[in-house]
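Please open the model in your viewer and keep the sequence panel beside it. The stops below are meant to be selected one after another, with a short account of what is there at each.

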Amino acid sequence: MSLLKRLGTTQDLSGTEQKSPPTKDGKRNPDTTGGLGKQSQGTGATRDTEEESSGRSGELGALRRPTIGTQQQQQGTGTTQQKSDNFNELKSRIQNRLISELDPRMDLGNQEEVRRTVEETFTSVLEAESIVLTRVERMRLFEAISAEILGYGPIEPLLKDESVSEIMVNGPRQTYVERAGRLERTDVTFQDDDHVMRVIDRIVSPLGRRIDESSPMVDARLPDGSRINAVIPPISLVGPTLTIRKFAKDPLTSDDLVRFGTLTPEIVTFLKACVEGRLNIVVSGGTGSGKTTTLNVLSSFIPHDERIVTIENAAELQLHQDHVVTLESRPPNIEGRGEVSIQDLVVNSLRMRPDRVVVGECRAGETLDMLQAMNTGHDGSLTTVHSNGPRDTLSRLETMCLMAGYDLPIRAIREQIASAVDLILHQSRMKDGSRRVTYITEVQGMEGDVIVLQDVFTFEQTGQENGKVIGAIKPTGIRPKFVEVFESQSIYLPPNIFGTSYERMF
Ligand SMILES: Nc1ncnc2c1ncn2[C@@H]1O[C@H](COP(=O)(O)OP(=O)(O)OP(=O)(O)O)[C@@H](O)[C@H]1O
Ligand SMILES: [Mg+2]
């Protein structure tokens, strides 16, 4: 992407003086300005010159051009909004001038080199404009400008902030984040819809994807693995929206989940035995309830000598075993061709001699193939499903099997489900933002037309304290039937894990 398109500076650049000398280090050469030269017509140069005599103090507010600010700003009311406007104004002025001095053909691939060049030019622009800033202000300004050039604009600090797990941009004026499981509004804003669009474009175009009015929704992944979804007008009425699920560099482990209260050490022991004992497990829950994270933890229990094939829409799982083949589905291209669906991948994976198939999420017809795989020798497979509870997981599975398009009788589908799925682990996102496993349920088989479920562990909420949910997941006292099979495989569980002597255990 060219520097100009990257920054959308067509109008911003108007009038910036073309005065930088040609240099080797990426600065603009007046003979080779190309498109930049043509765009440089207007009044900005005069404004820049006027600016030199304004604001020399360390206050950002003092650097504002009196002719541009709102009446309120001119009266110097000193509100936060005013400070933010002044900062944005200064930022766009310096940014415009800086861009006019950079070579538009600069290779943006070499980030280090570009950053150095930008920093040098930034310093010279501040000097040329005689702008004096404190060290903190200077750093903040530089970071904001370099985020526009090198990163993802206003959301760059949020991407770097490790306490943020999810970023939600709802048009240019509103950005929310999730921190420690809770949603919070931030003061991050964009200039306008186009600004958000440029950031979205910067994310999706290097991936060969596009987003425009004819295809206004896109799923993609940032180079660091973060999952993104963008929806733009006319589908989104609040302006372009962007949702980023940040990739955890160190994915949560079973120890973390125990620490967060999602699991207990006993349940970890139990689940480890279930994975080693090759049970087919469905992790279910609402959106953002931590299904993928739990699936990752369960997958980590797969023995290292087994061949694992993972299938996902956007590769989120991070397995530490050696023998892992990661497959990712692909949407159709512009001509509507070349789609590789999750279903295609499930079918194909069976020809790859997998010991285990792990499907990131079953959403549609692939469910039937997944169940068939589970029923035909690929036991020990794992997947996730959106649902509201274990019983609902079964109905979801049924509906998704129907989506495969075969005219199968419902009873046949139920039988498939009952014989394929051994265990449902259901989890929920609680009001306080914590994620809890709320049910661990055995699928026992069919009785008449009904699939029989038996809860093995359930979550009991005992109260609330300072907004925090108090409760624990406890055994129901029922020993699941599959434990006998475990014993034949030399997998032994402590006898009281299912709660007969519960009080002693916990
Ligand atoms: N047990 C947990 N405790 C606290 N936070 C968690 C837990 N599990 C996951 N999270 C956090 O919750 C967010 C969502 O997790 P995850 O992607 O696993 O959810 P999901 O159910 O797969 O979501 P989706 O429905 O969007 O696919 C992540 O930021 C993750 O770090
Ligand atoms: Mg998920």
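Colour the whole chain by secondary structure before selecting anything: this is a predicted model, and its protein contains 18 helices and 15 strands. Of the 506 residues in the protein, 36% are buried. If you draw the contacts between residues at least 6 apart in sequence, 56% of them join residues at least 24 apart.

Next, select Ile281 and Ile417, which have the most contacts inside the largest nonpolar core, a set of 57 residues. Staying on Ile417 and setting aside its neighbours within four places in sequence, you will find it in contact with Leu371, Leu394, Leu397, Glu398 and Ile451. Apart from this core lies another one, of 19 residues, and Tyr152, Ile167, Val218 and Ile232 are among its members. As background to both, nonpolar side chains in soluble globular proteins tend to be buried together.

Now move to ligand 1 and display the 18 residues around it, of which Ser165, Gly290, Lys291, Thr292 and Thr293 come nearest. Two elements, β1 (164-170) and α12 (291-300), each supply at least two residues of this shell, and the largest share, three residues, comes from α12. Colouring the shell around ligand 1 by residue class divides it into four nonpolar, 10 polar and four charged residues.

Then select helix α9 (residues 193-204), whose 12 residues should span 16 Å at 1.5 Å a residue, a value with which the 16 Å between its end C-alpha atoms agrees. Which residues of α9 are buried? They are Val196, Met197, Arg198, Val199, Ile200, Asp201 and Ile203, and the buried residues of this helix pack against β1, β4 (217-221), β5 (227-231) and β6 (241-245).

Follow the chain on to the loop between β5 and β6, where Pro234 has its place. The peptide bond that leads from Pro233 to Pro234 is cis, with omega near 10 degrees.

Helix α11 (residues 265-276) is the next selection; it has 12 residues and reaches 16 Å from its first C-alpha to its last, close to the 16 Å expected at 1.5 Å a residue. Its buried residues are Glu266, Ile267, Phe270, Leu271, Cys274 and Val275. When reading that list, bear in mind that an α-helix has 3.6 residues a turn, so residues three or four places apart point the same way. Just after α11, Arg278 takes a positive phi of about 60 degrees.

Ala180, in the loop between β2 (175-179) and β3 (182-185), has a phi near 45 degrees, a positive value in a residue other than glycine. Is Ala180 buried or exposed? Ala180 counts as exposed because 12 other C-beta atoms lie within 10 Å, and 12 or fewer is the cut-off for that class. Arg353 lies in the loop between α13 (342-349) and β10 (356-359), and its phi is near 50 degrees, again a positive value in a residue other than glycine. With 8 C-beta neighbours inside 10 Å, Arg353 also counts as exposed.

For the last stop, select Asn96, which has its place in helix α5 (residues 80-101). Why does Asn96 count as buried? The reason is that Asn96 has 21 C-beta neighbours inside 10 Å, where 20 or more are required.

Definitions and conventions:
Residues are numbered from 1 along each chain as its sequence is written. Chains are lettered from A and ligands numbered from 1 in the order in which they are written. This is a predicted model: local features need pLDDT of at least 70, side-chain atom pairs count only at pLDDT 80 or more; totals for chains, interfaces and linings use all residues. A nonpolar core is a set of buried Ala, Val, Leu, Ile, Met, Phe, Trp, Tyr and Cys residues joined through C-beta atoms within 7 Å. Two residues are in contact if their C-beta atoms, placed from the backbone, lie within 7 Å. Helices (H or I, at least four residues) and strands (E, at least two) are DSSP runs, numbered from the N terminus. A residue is near a molecule or strand if its C-beta atom, placed from the backbone, lies within 6 Å of it. Ala, Val, Leu, Ile, Met, Phe, Trp, Tyr, Cys and Pro count as nonpolar, Asp, Glu, Lys and Arg as charged, and the others, Gly among them, as polar. The expected span of a helix is 1.5 Å times one less than its number of residues.
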